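Visitor: I have a model open and would like to learn how to read its features. Where shall we begin?

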Amino acid sequence: MKQHTDPRSDRRTRVLVVLAVIAVAVVCAYMFLFVTGSWNYAMKVRTRQVLSMILVGYATAFAAVIFQTITNNRILTPSVMGFDSLFMLIQTIIVFFFGAGALTAIDPRAKFGVEVLVMIVFALVLYWTLFGRESGDLYVLVLVGIVLGSLFAGLSSLASRLIDPNDFITLQDILFASFNTVHVELLGVSAICVAAATAFSLPLLRQLDVVALGREHAVNLGIEHRKVLNRTLIVIAVLVSVSTALVGPITFLGLLVANLAREITGTFRHRWTIPAAVLLSIIALVGGQFVLARLLDFNSSLIVVINFVGGIYFISLLVRGAKL
């Protein structure tokens, strides 16, 4: 008998294939075009940069998609919970008490481990305090995260005004996400953490498809809503902490790719939206860096461009939501 295929699934498959081809193309272009000087040195540097962009793009996209699912809100990303501001506060405190030289003198593995640990502990304490109880409200958790993020940002701003001007310039460079200063030894550790978080979350993805319908529908369909949300929040904390500690904060990337993934796939199912968001994230980071650095020869940071475009897209989402 002739089997009928779902045309929507076929279209989504074609979308993923096209995105995968584009992602491979931009990675190859970044790796092998416009190489000057030693090929061995260029390949080492570019391989480290590409791997860091793929890893951060994957973690950021994955975390953003599932965070928007559990909050049922398309304009929220994990950065609203204060991770970016906490990272900035940690860097500012180090410079304030020990000077900018301490940031380069500290063992990068120790610094990375402390940053990840602090951010994960912060997230878990916040989750347990505000959401661990039976009566906990997820939106209260998000609101408190926003307030604490503003507090951390204010403390960072205050401390940065009191430090030496030369240290302040160094600090500003560090607070912008950069793929040029990633240490090779940190990539393996980050990949293990991201892989562990992914493996932990895979059994949750089908349940998150149901959670996306809303709490009442999920509960009526037999989903242990609070347990799924608690586990998902742990995954988000690990992914965001690792990616932020590795390269720095990227505020609007998750917002962009998560929403674009839903629009081009036309579904909320995570087996489609997560791969699409990850591929879009890789294209944005690797392709954007290639265009800026190789074709246009700009010294501007890619993250500035992403945040600019993401900010415009964020405003468009607010305007579109207001008109609905």
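Guide: With contacts. Contact means heavy atoms within 4.5 Å. Keep in mind that this is a predicted model. Now take Trp-272, a residue of helix H13. Setting aside residues up to four places away in sequence, Trp-272 touches Ser-9, Arg-12, Thr-13, Leu-16, Thr-265 and Thr-267.

Visitor: Is Trp-272 buried or exposed?

Guide: Buried means under 20% relative accessible area. Trp-272 has 8% relative accessibility, so Trp-272 counts as buried.

Visitor: How far is Trp-272 from Leu-175?

Guide: Their C-alpha atoms are separated by 33 Å. Along the chain, the two residues are 97 residues apart.

Visitor: Thr-267 was on the contact list of Trp-272. Where is Thr-267?

Guide: Thr-267 sits in the loop between helix H12 (253-265) and helix H13 (270-295). Its relative accessibility is 12%, so Thr-267 counts as buried.

Visitor: What does the side chain of Thr-267 reach?

Guide: The backbone nitrogen of Arg-269, at 3.1 Å. Then look beyond the neighbours within four places in sequence. There, Thr-267 is in contact with Arg-12, Arg-262, Trp-272 and Thr-273.

Visitor: Now the helices. What describes a packed pair?

Guide: Two packed helices are described by the angle between their axes and the distance between the axes. Angles over 145 degrees count as roughly antiparallel. H5 passes H11 in a right-handed crossing.

Visitor: Which residues make the contact between H5 and H11?

Guide: From H5 come Phe-112, Glu-115, Val-116, Met-119, Ile-120, Ala-123, Leu-124 and Tyr-127. H11 supplies Leu-233, Ile-234, Ala-237, Val-238, Ser-241, Val-242, Thr-244, Ala-245 and Leu-246. Sorted by class, the contact of H5 with H11 has 14 nonpolar, 2 polar and 1 charged residues.

Visitor: What about H3 and H5: at what angle do they cross?

Guide: At roughly 135 degrees, with the axes coming within 11 Å. H3 and H5 are therefore oblique to each other. Their crossing is right-handed. On the H3 side, the contact is made by Phe-83, Leu-86, Phe-87, Ile-90 and Gln-91. On the H5 side are Lys-111, Glu-115, Val-118, Met-119, Phe-122, Ala-123 and Tyr-127. By class, the contact of H3 with H5 divides into 9 nonpolar, 1 polar and 2 charged residues.

Visitor: And how do H3 and H7 pack?

Guide: Helix H3 (residues 83-98) and helix H7 (residues 165-175) pack at about 155 degrees. Their axes are 10 Å apart. That angle makes H3 roughly antiparallel to H7. H3 passes H7 in a right-handed crossing. Phe-87, Met-88, Gln-91, Thr-92 and Val-95 in H3 meet Asp-167, Leu-171, Ile-174 and Leu-175 in H7. The residues of the contact of H3 with H7 divide into 6 nonpolar, 2 polar and 1 charged.

Visitor: Back to single residues. Where is Phe-34?

Guide: Phe-34 is in the loop between helix H1 (7-32) and helix H2 (39-71). With 47% relative accessibility, Phe-34 counts as partly exposed. Leave out residues up to four places away in sequence, and Phe-34 touches Arg-46, Phe-290, Arg-294 and Leu-295. Leu-19 is 15 residues from Phe-34 along the chain, and their C-alpha atoms are separated by 24 Å.

Visitor: Which residues does Gln-49 contact, leaving aside its neighbours within four places in sequence?

Guide: Tyr-30, Phe-179, Asn-180 and Arg-294. Arg-294 also touches Phe-34. Gln-49 itself lies in helix H2. At 6% relative accessibility, Gln-49 counts as buried.

Terms used
Residues are numbered from 1 along each chain as its sequence is written. This is a predicted model: local features need pLDDT of at least 70, side-chain atom pairs count only at pLDDT 80 or more; totals for chains, interfaces and linings use all residues. Side-chain values use heavy atoms; hydrogens and water are left out. A crossing is left-handed if the near helix is turned anticlockwise from the far one by less than a right angle, and right-handed if clockwise. Helices (H or I, at least four residues) and strands (E, at least two) are DSSP runs, numbered from the N terminus. Ala, Val, Leu, Ile, Met, Phe, Trp, Tyr, Cys and Pro count as nonpolar, Asp, Glu, Lys and Arg as charged, and the others, Gly among them, as polar. Buried means under 20% relative accessible area, exposed over 50%, partly exposed in between (1.4 Å probe, protein chains only). A polar contact is a pair of N or O atoms within 3.5 Å; within protein, one must be able to donate a hydrogen and the other to accept it, and residues adjacent in sequence count only if both atoms are side-chain atoms. Axes are lines fitted to C-alpha atoms, for helices over the stretch in contact, and angles run from 0 to 180 degrees between N-to-C directions. Angles under 35 degrees count as roughly parallel, over 145 as roughly antiparallel, 65 to 115 as roughly perpendicular and the rest as oblique.
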